[in-house]
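Subject: Handing over a structure, with notes

Dear colleague,

I am passing this structure on to you, as you have not worked with it before.

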Amino acid sequence: MRIWPGSGEWTLYEDDGHSFEHQKGVWATTNYKVYLEGEKIIVEIAAREGQFLISEREVIVEVVGVGEQRFTDDGTVRRLTFG
């Protein structure tokens, strides 16, 4: 995931991409928030919500011009600090 420094919020929506199970509520959302805290850039990742099950996966979060962090995404809350 590539993020530019600044502040903002967005929601990542996921489903299986090929069936109509989303019409039955089988999807997942994850809320992201990025903001400045002094000289640091904070990326907050909320707990995944929804019925669509996603297996653990490696995620790379890059703050452009600052750096990147990798973690295994298991759907739990995360707070990443850059800078």
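The notes below take up the sheet, the aromatic pairs, one arginine and its surroundings, and then the salt bridges.

Please keep in mind that this is a predicted model, in which local features need pLDDT of at least 70 and side-chain atom pairs count only at pLDDT 80 or more, while totals for chains, interfaces and linings use all residues. Residues are numbered from 1 along each chain as its sequence is written, and side-chain values use heavy atoms, with hydrogens and water left out.

The sheet

An open sheet is formed by 3 strands in the order 1-6-7, with mixed pairing; strands here are DSSP runs of E with at least two residues, numbered from the N terminus, and two of them pair if DSSP finds at least two bridges between them. Its edge strands are strand 1 (2-3) and strand 7 (67-73), each of which pairs on one side only. In general, strands of a sheet pair through backbone hydrogen bonds, either parallel or antiparallel. Strand 1 and strand 6 pair in the parallel sense over 2 bridges, and there isoleucine 3 stands opposite valine 63 of strand 6. Strand 6 (residues 57-63) and strand 7, by contrast, pair in the antiparallel sense over 7 bridges. Valine 63 has glycine 67 in strand 7 as its bridge partner, and arginine 57 has aspartate 73 in strand 7 as its bridge partner. Strand 6 and strand 7 form a hairpin with 3 residues between them, and in the turn glycine 65 has a positive phi of about 80°.

The aromatic pairs

There are 2 aromatic pairs in the structure; rings of Phe, Tyr and Trp (its six-membered ring) pair if their centres lie within 6.5 Å, and planes under 30 degrees apart count as stacked, over 60 as edge-to-face and the rest as tilted. Tryptophan 10 and tyrosine 32 make a stacked pair, with 5.4 Å from centre to centre and 5° between the planes. This pair links distant parts of the chain, since tryptophan 10 is in strand 2 (residues 8-14) and tyrosine 32 in strand 3 (residues 28-37), 22 residues apart. Tryptophan 10 counts as partly exposed because its relative accessibility is 28%, whereas tyrosine 32 counts as buried because its value is 6%; buried means under 20% relative accessible area, exposed over 50%, and partly exposed in between (1.4 Å probe, protein chains only).

The rings of tyrosine 13 and tryptophan 27 have centres 6.1 Å apart and planes at 35°, so this pair is tilted. Tyrosine 13 lies in strand 2 and tryptophan 27 in the loop between strand 2 and strand 3, so the pair ties together parts that are 14 residues apart in sequence.

Arginine 48

Arginine 48 is found in the loop between strand 4 (40-45) and strand 5 (49-50), and it counts as buried because its relative accessibility is 18%. Although arginine 48 and threonine 30 are 18 residues apart in sequence, they are 4.7 Å apart in space, C-alpha to C-alpha. Leaving aside neighbours within four places in sequence, arginine 48 is in contact (heavy atoms within 4.5 Å) with residues including Glu14, Thr30, Arg57 and Asp73.

The salt bridges

The structure holds 10 salt bridges, a salt bridge being a side-chain nitrogen of Lys or Arg within 4 Å of a carboxyl oxygen of Asp or Glu. One of them joins arginine 79 to glutamate 37, with the closest N and O atoms 2.9 Å apart. Arginine 79 lies in strand 8 (residues 78-82) and glutamate 37 in strand 3, so this pair ties together parts that are 42 residues apart in sequence.

Arginine 57 and aspartate 73 also form a salt bridge, their closest N and O atoms being 3.3 Å apart. This pair links distant parts of the chain, with arginine 57 in strand 6 and aspartate 73 in strand 7, 16 residues apart. Arginine 57 is partly exposed, with a relative accessible area of 27%, whereas aspartate 73 counts as buried, at 9% relative accessibility. Through salt bridges that share partners, Glu14, Arg48, Arg57 and Asp73 are joined into one network.

Notes
Helices (H or I, at least four residues) and strands (E, at least two) are DSSP runs, numbered from the N terminus.
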